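Please report on the backbone, strands, helices and cores of the structure below.

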Amino acid sequence: MRQRLILHIGTHRTGSTSLQTWLWLNRPVLRLLGVHYPRAVVPDAFRGARHGDLRLAARTEARQGTPDPITGPFDALLDRYIDDITHSGAPAAILSCEGWSVQDNHHAPRLARLAERFDVQVVAFYRRPDHWVESFYRLRMRLAKHQELRSFETFLSRPQQIALTTQRHVMLGWWAEAFGAEKITVIPYEPLVPGFNLVRAFLKACNLRGRTLDVLSRLPLRRNPSLSREAAEALRRARLSGLSPDTADLRRLRRLLPEQGGVYLGQSSRAALLDAASGDMAAILPMVRDRRMDLFPERPERLAIQPDDWRCEKWETVPDLARWHR
């Protein structure tokens, strides 16, 4: 029987960091249970806990036509992963990189030859589009490499962002072309639904079960929270004023403006976005294997709506903005 290989491809803002950390910290136990989670061949800041080197190698070659200077040639790097998984002898292995869910086709075709050696399953989490784009915007605000200066309304109005939010099935289609539609499994990411367990949902979708795994899935997870909407707006306006907030400033912002949710969309704009994404959700529903009739049934605890589009009016009261000048 061929080894199973599970490719976890994200998407962003669906608990990928928490899941990767859980897989990494539990590698010894998983190995005893027949599941191999390889250390990254070229570790990044996460010290091997995620397999972003494969993404970097493929993206560099696609964009520049030459091997990445850090990872080397993609095919050679992939061969090293294949050897690692094969020599482990484990019945199942997992590779995880949320960057594989980006809206370009650099990755699925390059990884397609894995199907020659393994029984491949592609797993992706899917978050309701309106909740996803609000969280994604706040993430970009927090990451210094993006230096996001646009308001949420301007950010969402870009055609590229609209496509990324409402056409995720296009990305999944590339993976279906590479490995077959029957090999794609989508897990609804529902952190606000009582009883939702990220790890347990992943293990169930991968058909990895057992009493030990069930116990491990209950352990507290490392979270990668976004800023609150107030903190994100304060950070954006500080940057627009020419200030340069650093990590210490972000920690200060979290204390001054504790997490209060991230609702930007009002009732009408939220309904319009969900309507625009309805075709996307309908296309993805067949890839959800838990036999549900609707991808995201409406529940009061899951629908945070403001009467009108949110505007931040009290950010000027943040006292530390004046100290951010560098």
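The report starts with the basis of the model and then moves from backbone to packing.

This is a predicted model: local features need pLDDT of at least 70, side-chain atom pairs count only at pLDDT 80 or more, and totals for chains, interfaces and linings use all residues. Residues are numbered from 1 along each chain as its sequence is written, and side-chain values use heavy atoms, without hydrogens and water.

**Backbone**

Helices (H or I, at least four residues) and strands (E, at least two) are DSSP runs, numbered from the N terminus. The loop between β1 (4–8) and α1 (16–25) holds Thr11. A cis peptide bond leads from Gly10 to Thr11, with omega near 10 degrees. Arg13 sits in the loop between β1 and α1. Arg291 lies in the segment after α15 (278–284). Neither arginine is a glycine, yet each has a positive phi. Buried means under 20% relative accessible area, exposed over 50%, and partly exposed in between (1.4 Å probe, protein chains only).

| Residue | Phi | Relative accessible area |
|---|---|---|
| Arg13 | about 60 degrees | 13%, buried |
| Arg291 | about 65 degrees | 79%, exposed |

**Strands**

Two strands pair if DSSP finds at least two bridges between them. β1 and β3 run parallel, joined by five bridges. Arg4 stands opposite Ala92 in β3. Strand β2 (residues 35–36) also pairs with β3 in the parallel sense, over two bridges. Here Val35 has Ala92 as its bridge partner. Five of the five residues of β3 (residues 92–96) are buried, so this strand is largely enclosed by the rest of the structure. Ala92, Ile94 and Ser96 point one way from β3, while Ala93 and Leu95 point the other way.

**Helix contact**

Axes are lines fitted to C-alpha atoms, for helices over the stretch in contact, and angles run from 0 to 180 degrees between N-to-C directions. The axes of α1 and α10 (residues 198–205) come within 10 Å and cross at roughly 75 degrees. The two helices are therefore roughly perpendicular (65 to 115 degrees). Ser18, Leu19 and Trp22 in α1 meet Leu198, Val199, Phe202 and Leu203 in α10; contact means heavy atoms within 4.5 Å.

**Cores**

A nonpolar core is a set of buried Ala, Val, Leu, Ile, Met, Phe, Trp, Tyr and Cys residues joined through side-chain atoms within 4.5 Å. The largest has 41 residues. Leu5, Leu7, Ile9, Trp100, Leu114, Leu172 and Trp175 touch the most other members. Apart from this core lies another, of 22 residues, including Ile6, Tyr37, Leu203 and Leu213.

Technical notes
Angles under 35 degrees count as roughly parallel, over 145 as roughly antiparallel, 65 to 115 as roughly perpendicular and the rest as oblique.
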